[in-house]
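Here is a friendly briefing to read alongside the model. Take a look at the structure first, then work through the points below.

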Amino acid sequence: MLKQRLLTAAVLIPLVVLAILFLPSIGFIALLTVISLMAMWEWLSMAAMKRVTKVFAGLSFIAVLILLFTMAVIQQVLLTGLIFWIIISLIIVLFAHRPLPDLLARCFHNKLFTYLLSMLVALLFVYSAVWLHGLANDGPVLVLYVLISVWLADTGGYFAGKRWGTHALAKAISPNKTLEGLAGALVLVAIWSVMAHQMGVAENLSVVTWIIISLITGLISVSGDLFESLFKRSYQIKDSGHLLPGHGGMLDRVDSLLAAVPFFAALMWLTGQF
């Protein structure tokens, strides 16, 4: 499994880096839209939705995304992403070690709720990533920065958890994740944030502010991962799909990014420096 993960990452990471740094805005939007549609398709498939429903969901996602891009709603969308992922993180903390209450459990199994939830998550992700990418000069670098932060958090969490993990992070959601793994994830993110700042990334922010933003983003990325795990667990599914060897489906690969990118973009906006 680890070998497959590494091989898949070795192929995909250079392609993603090149896309972020060199694709024009329209190409970047198209790439994110395709990724989000694939993730939504897997999400709705887990809820056993019919093909026609999934096609409708995809078309409605594109329509709403176009509408958002034609309206001046930057502040509203970024704040929505911030508030939404704070609420999700609170739910995860509250029910990390005990079952969901009946009301929430029923919501997870409601097809309309699942459709709206997948739409919201995907829209927040694409819109905030495009806004971040479009920032003068710094945009592509900041997108690449948050992606690397999430990858390092995932790597640090995996290896630190394997080596030292004994205390469950969220036993009722993802039994294999540990507090030691979370600590390992945050250590790598902190080191990376200092290195990036020294290389000139977000140099208009103080190093302390930058580290705090990076660590919070790392924590939120874990919330994104656990949120998908919570949904999969409610349907007793291990992977969202089998598209990427060693990684499961597209949703399995981008779940952390779906949370981290909107939250990071909102924090960047709140600093008033971007």
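**Briefing on the fold and its rings**

Buried residues, meaning those under 20% relative accessible area with a 1.4 Å probe and protein chains only, make up 49% of the 274 residues in the protein. This is a predicted model, where local features need pLDDT of at least 70, side-chain atom pairs count only at pLDDT 80 or more, and totals for chains, interfaces and linings use all residues. Residues are numbered from 1 along each chain as its sequence is written, and side-chain values use heavy atoms, with hydrogens and water left out.

**Fold**
- You will find ten helices and two strands in the protein (DSSP runs: H or I of at least four residues for helices, E of at least two for strands, numbered from the N terminus).
- Their order along the sequence is α-α-α-α-α-α-α-β-β-α-α-α.

**Contacts**
- Of the contacts (heavy atoms within 4.5 Å) with a separation of 6 or more, 76% are between residues 24 or more positions apart.

**Dimensions**
- The C-alpha trace spans about 50 × 45 × 35 Å along its principal axes.

**Aromatic rings**
- The structure holds 15 aromatic pairs, counted when ring centres of Phe, Tyr and Trp (its six-membered ring) lie within 6.5 Å; planes under 30 degrees apart are stacked, over 60 edge-to-face and the rest tilted.
- One of them joins Y158 and F159 edge-to-face, at 5.1 Å centre to centre and 90° between the planes.
- Y158 is partly exposed at 31% relative accessibility, and F159 is partly exposed at 43%; that class lies between buried and exposed, the latter being over 50%.
- Ring pairs also link W43, F84, W85, F108, F113, F227, F231 and Y235 into a cluster.
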